[in-house]
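Have the sequence and the 3D view open, and follow along.

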Amino acid sequence: MELEKIKRNLSGILPLIGLLVVFALFSAVGGDQFYGARNLTLIINQCFTIMVVAIGVTMVHAHGGIDFSVGAVLALSEMLAAMAYKRTGSPFVLLFVAVLVAVLCSFITGIITVKLRIPPFISSLCMQFTCRGIVNTVLQSKSIGVTELHAPGWGVRLPVLLLLAAAVYVILDYTKIGKHNKAIGENIKAARSSGVDVDFYRIIAYLISGFTVGIAAYFDLLRNGVMSTNVGYGLEMKVIIAVVLGGLSLSGGYTATIKSAVVGSLLITIMTNGLMIVGVPVTYIGIIQGIIFLLVILFTYKRDRQGLLPR
Amino acid sequence: MKGKFIALLSLVLILAMVLGACSSGSTPQSPTPPANTPAGTPAGTPEPSEEPVKLPGFKIGLMVYTNSGGWFDRIYDGVKALADATGSTLVLASGATPDEAIAAVENLCASGVDGILDLATGGVSHRLLQICEEYGVLFAAANNNLLQEEGYETFRKNEYYVGSVYADDKQISYDIVSDMIKNGAKKIAMFGLPPGISAAFDNRFAGAYKAIEDAGMSVLTEARSFVMPEAAQNLLTQYPDVDAIFSAVDASNYLYQPLISGGYGGKIQISCFDDGGDVNVGFENGIVSHCVEGVNAQAQLGYILLYNALTGNKLLMSDGLAPDILIPYVILHSANEFKDYVDRSKGGIYSFDELKEFIVLLNKDASLNKFIELAQSFGK
């Protein structure tokens, strides 16, 4: 029993230990080229979009949902926000539209999933195709530039990140919204029998996720300076990899913590950055990442859960 | 207890990162690029003597959207040969989307490269230049028409921008489809990735459409999808009488087998661009009619621009700005021509001997005009 307890405790902190080990390793090999101020700032900037989206998506994963549409929703938010900015010239309008569009899209995904009883895998894929289709149809092969707007530095990004992480942490761990979403993830039938309004809380989770995607879209657009149709491709997979690496079980429940999103996002960003700094040929980076990911999953994933994919 | 331990570890990590980020006193100044001297008076040129000039080596980042396949190998071979001849080392990176391109350039700069040769700008060249300026890294581009990019008029004046070498995707596609029509094609389909993935692809389709329109015809169908093998199968199933396919991408992985199996040999014309597969099979089976090559030449010429700039001898136009050099593609029409091109590309389509006269440290009379003439005579 004592051993089981130790193993349980250890599996919870393994992703964090993994992150520290990876950080220490790259620091030892790369020296101040890796742990210097400039590179650390760079890491924060690079992992910002994935981390912000992952923080929000954790709410959806908490109840066992999944969202493959985040990349496409990000693209649609950026496109409409950029168009609104071009019309009005106001960066506040850009932010407002980015968040509004993302929340609306996530709300629709939530409604389709919850009310129409479509599996979240399917409903989010449908939203992905729809958003990409809209972006491709509207933009054709053009792009929208906002190069006159300066990308906020980490002096703005870090507080925003900390604020979002703190807010979702509080919601997830200390409010009914978070606790009920986790309960739904653990056992939806038991939650429903206990009087939890399962549909309502799941939709709220999608709204929170949409909000963070909107924030990420705003900062991503300013960082790129241009909105083109290939923005956001592959983001959903990166986010899922990040949260899984961080220790979150995709079937949801009480493993859903903000720590997963933060640690996982940092881990994949640090690995890509660190491997390049220490001079690993780019052709080997994918192999090394795959092996490390597999090792982390082997040690952290709770194999007593039924299946990898959520309900 | 566990919670406190985790909280402590997290706090230590965040503190370490924040302290590390704050440890430097002030924002580092952007290093100034090597002072440029006119081509006639290269910096550091030794007094005329019989001893050969020792070329300084640099660490150069090479960014391509893929790092595998025959197409990439031809590019890498050519640039590597020049790097070896100039005592430089190459660091590879890849980035297809704007985010990836920005992250790749950031990581290259952080790894200490002196210059970047970018064949995959992701449409965000202005941002890439800003990153390079911050790190004091010079930037050259190839295989990208930067003139169409957002912010071009601003970033072309950036002192860290050394120029680009690009081809006219629209014109080459127009020529190919016009040729197909001249050779009897009546039912022409479009094949490739969806719109917006790359300006080069979109320009190719634009050229192809224009040729069809100018001939008073209409496109049979468009098969543009991320799932290209499926798109190829659907195209041939739904339109078995197609007699020409304009492919804006490589065709060997998606089209050859179904066409050969379907008995289309000798009855269809297909184009392919940047094909890393076995194009000879396509030619020998009478499937491929036009194979477009030349990006490896663009990469080598881009390297020369970059290398000169790194040695403080940037080749500049008469207005003092970096050149954006238009170079033709080469169209190959047979297995022999393709094999010959591949053979000549080993070690670089241009040899170092052909290009060294444009390296200012080796030839103080190196002329941008002659360099542009060389580029424009490619394939002729």
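## A look around chain B and chain A

Of the 380 residues in chain B, 54% are buried, where buried means under 20% relative accessible area, exposed means over 50%, and partly exposed is in between (1.4 Å probe, protein chains only). Keep in mind that this is a predicted model, in which local features need pLDDT of at least 70 and side-chain atom pairs count only at pLDDT 80 or more, while totals for chains, interfaces and linings use all residues. Residues are numbered from 1 along each chain as its sequence is written, chains are lettered from A and ligands numbered from 1 in the order in which they are written, and side-chain values use heavy atoms, with hydrogens and water left out.

Chain B has 14 helices and 12 strands; these are DSSP runs numbered from the N terminus, with helices being H or I of at least four residues and strands E of at least two. Take the contacts in chain B with a separation of 6 or more: 72% of them are between residues 24 or more positions apart. Contact here means heavy atoms within 4.5 Å.

### Rings in chain B

A pair of aromatic rings is described by the distance of the centres and the angle of the planes. Rings of Phe, Tyr and Trp (its six-membered ring) pair if their centres lie within 6.5 Å; planes under 30 degrees apart count as stacked, over 60 as edge-to-face and the rest as tilted. The count over all chains is 19 aromatic pairs. One of them joins B:Phe191 and B:Tyr254, a tilted pair at 6.2 Å centre to centre with 50 degrees between the planes. B:Phe191 sits in strand β6 (residues 188–192) of chain B and B:Tyr254 in the loop between β8 (244–247) and α9 (256–261), so the pair ties together parts that are 63 residues apart in sequence. B:Phe191 is buried at a relative accessible area of 0%, and B:Tyr254 also counts as buried, at 19%.

There is a ring cluster too: ring pairs link B:Phe205, B:Phe246, B:Phe273 and B:Tyr329. The charged end of B:Arg224 sits over the ring of B:Phe205, 3.7 Å from its centre. Over in chain A, the charged end of A:Arg132 sits over the ring of A:Tyr233, 3.8 Å from its centre.

| Residue | Relative accessible area | State |
|---|---|---|
| B:Asn67 | 14% | buried |
| B:Arg74 | 8% | buried |
| A:Arg117 | 54% | exposed |
| B:Lys187 | 33% | partly exposed |
| B:Asp274 | 9% | buried |

B:Asn67 lies in the loop between β1 (59–63) and α2 (70–85) of chain B. Beyond its neighbours within four places in sequence, B:Asn67 is in contact with A:Val282 and A:Thr283, and also with B:Phe72, B:Leu92, B:Ala93 and B:Ser94.

B:Arg74 belongs to helix α2 of chain B. Not counting residues up to four places away in sequence, B:Arg74 touches B:Asp275, B:Glu293, B:Asn296, B:Phe338, B:Tyr341, B:Val342 and B:Ser345.

How far apart in space are B:Lys187 and B:Ala244, 57 residues apart in sequence? C-alpha to C-alpha, the distance is 6.2 Å. B:Lys187 is in the loop between α6 (169–182) and β6 of chain B, and its contacts more than four places away in sequence include B:Leu220, B:Asp241 and B:Ala244.

B:Asp274, in the loop between β9 (269–273) and α10 (279–284) of chain B, has a phi near 50 degrees, a positive value in a residue other than glycine.

### In chain A, the axes of helix α5 (residues 91–114) and helix α6 (residues 120–139) come within 9 Å and cross at roughly 145 degrees. Axes are lines fitted to C-alpha atoms, for helices over the stretch in contact, and angles run from 0 to 180 degrees between N-to-C directions. The crossing of α5(A) and α6(A) is right-handed; a crossing is left-handed if the near helix is turned anticlockwise from the far one by less than a right angle, and right-handed if clockwise.

On the α5(A) side the contact is made by A:Cys105, A:Ile108, A:Thr109, A:Ile112 and A:Thr113, and on the α6(A) side by A:Pro120, A:Ser123, A:Ser124, A:Met127 and A:Cys131. These residues divide into 6 nonpolar, 4 polar and no charged (Ala, Val, Leu, Ile, Met, Phe, Trp, Tyr, Cys and Pro count as nonpolar, Asp, Glu, Lys and Arg as charged, and the others, Gly among them, as polar). A:Arg117 lies in the loop between α5 and α6 of chain A, and its phi is near 60 degrees, a positive value in a residue other than glycine.

Methods
Lys NZ or Arg CZ within 6 Å of the ring centre and 35° of its normal.
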